[in-house]
Amino acid sequence: MARYLNLSRAARLVGVTRGVLQKKIRAGELTTFEGMIEIEELRRAYPDTQIEDNRVLERMQKIKDEAFTRAIQTTAVLPDAEVLAKRLTTLSKELAKAKVQVSHYAELTDMLKHRLANLTVADASTLGDGLHDFQAWFLQTLEAQTSPSADAEQLVAKDTLLRIMAAQVQILPSGHEFFVEGNDSLLESALRAGCAPNYGCRDGHCGLCKATVVSGEVKKLRETPYQLSDIEAAEGAVLMCSHTAVSELVLKTFEAAGADDVAQQTITGSVKMLEHPTDDVLLVHVRTPETARLRFLAGQNAELRLADSPPTSYPIASCPCDDRNLQFHIPRPHDSDDTDELFNALHHGDALTIVGPAGDFLLRENTGRALIFVAYETGFGPIKSLIEHAMAVDAAEYLHLYWITTSPHGHYLNNLCRAWTDALDNFSYTPLLADAGDDARVSADTLARQLATVTRSHSDMADFDIYVAGPAPIGDVARDHFRAGGLPDDQLFVA
């Protein structure tokens, strides 16, 4: 009996990204049936997969853990006994159903073999060679269907194990999917996977993360101050922040699709850490209150206000999944620029008011094209947020980062970029150094020469979506350069 897997589970099973499987499907190397992949077909495409071979999954988890800087790391945590028992019960029911189906198929095939044998003996002279050919084909097909390979059985066993360790959740109407591991809540699992459900506090005070359970079973993790009404509870509503998945789930809830879907917020956080990776860059780490987190989309900006200093807007350089730990990359102001006082004014422990988010420099997730990111100087901040989000949602089969600076030490998070390269098979990183003039600014011609490296490395610009961020004049130069190189205007996004 054929067994089918959806794309997310198939990718998890063989330890690759969804993008890799989608590429094989487009190339005709994998066939699908109603969007599902048959497990024998998957086995043929990945003959070397072993049940113990989790290297790609481990590398993906490692880079996500490092990039997302989760406040509390929980590694290889089993679900609690109740959840585990219910998942095993669900799987045992599916197994029992499968055995019944196999029994029915066996009974049917026995009948067919018997009838064919009688027809061949009684009417061989009239049925001719066609019947013999049909019999040979049927017996050969029957043997193949009733004798699954040991390798396929191993994949089934591995899939069963993964289903016990992590429950898959689908969100409607977006169709986004994610996995819930251990005792993680639905909300934190969704955010870590790059989904954008509505929420406000993560601890059950606001009630904004309500979702309706369409199918499957959940378990409440903790009591919350916010109480659902009897009508909401009867309709299957739950708070995503206080429930985990017992079985595979389908949830119905609102997800932000654009900047207009995220409300403006004003939050006062505290400066937890200041770093100077170079003399010209300040990395600001801000911690928000537990009950007032900043909800934003990757690539957006926020306005920072310190006491009586004038407010200044900066890109958020961190992942939306870690909404209490915000990061901003602040450049040293030029002598002629006296509007930016935060570079020298901030101190550890300062109260910092954050107003936002704003901006529509967002990742377009469903284009199917490979992604190129071009960061100029501290434009790496918003690019970093986009890359981490692209990793979380498995947005593309290939990502390439080009980081242009005017100083040999300007790639201030070079080790992070190299770690991404080491951990991810589909990620490449190219640091570029541009010559600056006497005033430490780079000319448009110099930037164009650096961007030529991008176009020389990729023959057909129409195959890519390109995201560019950084101080002027990178935006105008990039638009002219990539347009001349054949990139459609709607595939270039500039911060």
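The largest nonpolar core of this predicted model holds 31 residues, of which Leu371, Phe373, Phe380, Ile383, Leu401, Trp420 and Tyr467 touch the most other members. Such a core is a set of buried Ala, Val, Leu, Ile, Met, Phe, Trp, Tyr and Cys residues joined through side-chain atoms within 4.5 Å, buried meaning under 20% relative accessible area with a 1.4 Å probe, protein chains only. Two or more residues each come from β11 (281–287), β16 (370–376), α10 (380–393), β17 (399–405), α11 (414–423), β18 (427–433) and β19 (464–469). Helix α10 gives the largest share, six residues. Another core, of 24 residues, lies apart from this one and includes Ala193, Leu239, Ala245 and Cys321.

Turning to the helices, α1 (residues 7–14) and α2 (residues 18–26) pack with their axes, lines fitted to C-alpha atoms over the stretch in contact, 9 Å apart and at an angle of about 110°. The two helices are therefore roughly perpendicular to each other (65 to 115 degrees between N-to-C directions, on a scale from 0 to 180). In this contact (heavy atoms within 4.5 Å), Leu7, Ser8, Ala10 and Ala11 of α1 meet Arg18, Leu21, Gln22 and Ile25 of α2.

Overall, the protein has 13 helices and 20 strands, taken as DSSP runs (H or I, at least four residues; E, at least two) numbered from the N terminus. Buried residues make up 46% of its 495 residues.

Residues are numbered from 1 along each chain as its sequence is written. Local features need pLDDT of at least 70 and side-chain atom pairs pLDDT 80 or more, while totals for chains, interfaces and linings use all residues; side-chain values use heavy atoms, leaving out hydrogens and water.

Note on methods: Buried < 20%, exposed > 50% of the residue type's maximum accessible area, 1.4 Å probe, protein only. Parallel < 35°, antiparallel > 145°, perpendicular 65-115°, else oblique.
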